[in-house]
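Student: Could you help me learn to read a protein model, one feature at a time?
Tutor: Gladly; let us look at it together.

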Amino acid sequence: MRFQDKVVIVTGAAGGIGGAISARFASEGAKVVLTDMNAEGAAATAAQISAEGGNARAFASDISNAQGCRAIVEDVMATEGRIDVLCNNAGINRRGNLLSLTPEDWRLSFAVNIDAMFHLCQAALPHMIEAGGGAIVNTASQWGLYPAPNHIAYNVTKAAVASFTQNLARDYAPSKIRVNAVCPGEIHTPMLEAGVKRSGRTIADLDKLVPFGRIGKPKEVAALVAFLASDEAAFMCGSLVEITGAQAVA
């Protein structure tokens, strides 16, 4: 129960990694606010967590704009009065090389994957500083560190997440705000399944590419996120932690 009565915000929480992160925090005593523009998905995930004894509620918001980000923080402060952990997990993947992308693909990738992080942190940080500290865990990607072919928008925005994480950590460590990022490789999520279906490959094909013998599970990323947000990681600040099963970028 490392997060007993602590308040945690998780973005992109309707399912996949975000849903697993939310469930993990709730299982350790946190009050979890699940945010996603998919209102039904977020509500369903929150209901499942609550049915299992966790404290969770959904708040639907479009974080591709600044107003949607601020609304989340304003709601949590009005209802809970504090923010202990912010998990910037939401992300989209517009696949393709530069010439295959539209300006909208590029703009939306930045709006969701990095601009939302700016707006959410800018809104939440003053409350964390006033409270004497807090933890921010961002979801970057292995591909943000080692670019994969034909994913330029995703790779570049996730590289920006990595840099944002390190810059924010160095600026606010004196205020006892710990900022870290997880950098997952291939994780079995709905986003990955959509890409696999489009490519004509199978999950079994991806498993063969991983030295550990299989791709990762959302709950494994969630466990790492919970560790980074916990007091057990008290001296970790500005870290980019890969979780890949020893797989090199495909």
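Student: Which residues does Met-128 touch, not counting residues up to four places away in sequence?
Tutor: Contact means heavy atoms within 4.5 Å, and by that rule Met-128 touches Ile-83, Asp-84, Val-85, Leu-86, Gly-133, Gly-134, Ala-135, Ile-136 and Ile-177. This is a predicted model, in which local features need pLDDT of at least 70 and side-chain atom pairs count only at pLDDT 80 or more, while totals for chains, interfaces and linings use all residues. Residues are numbered from 1 along each chain as its sequence is written, and side-chain values use heavy atoms, with hydrogens and water left out.

Student: Is Met-128 buried or exposed?
Tutor: Buried means under 20% relative accessible area, exposed over 50%, and partly exposed in between, using a 1.4 Å probe and protein chains only. Met-128 has 0% relative accessibility and therefore counts as buried.

Student: At what angle do helix 1 and helix 9 pack?
Tutor: Two packed helices are described by the angle between their axes and the distance between the axes. Helices are DSSP runs of H or I with at least four residues, numbered from the N terminus, and axes are lines fitted to C-alpha atoms, for helices over the stretch in contact, with angles running from 0 to 180 degrees between N-to-C directions. Here helix 1 and helix 9 pack at about 50°, with their axes 8 Å apart. That makes helix 1 oblique to helix 9, since angles under 35 degrees count as roughly parallel, over 145 as roughly antiparallel, 65 to 115 as roughly perpendicular and the rest as oblique.

Student: Which residues of helix 9 are buried?
Tutor: They are Pro-218, Val-221, Ala-222, Leu-224, Val-225, Ala-226, Leu-228 and Ala-229. The buried residues of helix 9 pack against helix 1 and strand 4, among other elements, strands being DSSP runs of E with at least two residues.
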